[in-house]
Amino acid sequence: MERTLSIIKPEAVARGLIGDIVSRFEHAGLKVVAARLTRLDKQRAEAFYEVHRERPFFNSLTDYMSTGPIFVSVLEGDGAIARNREIMGATDPAKAEAGTIRKDWGTNVEANAVHGSDASETAAAEIAFFFNADEIQSSGS
Ligand code: ATP
Ligand code: MG
């Protein structure tokens, strides 16, 4: 069993897509073991995306991610990190495969509907960024 962090980004939350997107996760065999609607201020968005600080889109991305509520969740399942990235699709919705979340609901490369952790170390760090251990349900229960 593996865990990954998912974020439904501000434009997708504003468009009322939480249910549709979570449904994709569940249909793909990923179990929601923690979830919350929250909001990042600019400083916390910068902390979350610290690895991208030198990228040209850093300022715009962290502005965008602090424009409104986001839906954060922990998804659990076999190969959850790769499975989630598969169903999210390519970073740029225009290049994402048919049937992926970003293809269906992403607005552009920045407002691309969802974020998903990319490796086990980043998943652990990103989960701890949003959730205490006691807020995560063990899947057996
Ligand atoms: P994520 O980390 O959000 O799951 P990813 O791993 O597919 O997506 P990264 O390269 O880690 O993509 O970029 C992180 C986020 O930065 C992207 O989800 C997107 O919102 C934004 N981003 C990436 N490339 C660009 C770009 N060229 N222009 C604007 N924003 C970008
Ligand atoms: Mg990434």
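1. The largest pocket in this predicted model holds about 650 Å³ of space, where a pocket is an open set of 1 Å grid points at which a 1.4 Å probe fits, with protein on both sides within 12 Å along at least five of seven lines, and its volume is the space filled by probe spheres set on the points.

2. Among the 25 residues lining this pocket, Tyr-49, His-52, Phe-57, Leu-61 and His-115 are the closest to its centre; a lining residue has an atom within 4 Å of a point. By class, the lining comprises 11 nonpolar, 6 polar and 8 charged residues.

3. Two or more lining residues come from each of helix 3, helix 5 (80-88), strand 4 (114-116) and helix 7, and helix 7 gives the most, with 4 residues. Helices (H or I, at least four residues) and strands (E, at least two) are DSSP runs.

4. Beyond its neighbours within four places in sequence, Ile-7 is in contact (heavy atoms within 4.5 Å) with residues including Phe-48, Met-65, Val-72, His-115 and Phe-130.

5. Residues are numbered from 1 along each chain as its sequence is written. Local features need pLDDT of at least 70, and side-chain atom pairs count only at pLDDT 80 or more, whereas totals for linings use all residues.

How values were computed: Chains lettered and ligands numbered in written order. Heavy atoms only, no water. Nonpolar A, V, L, I, M, F, W, Y, C, P; charged D, E, K, R; others polar.
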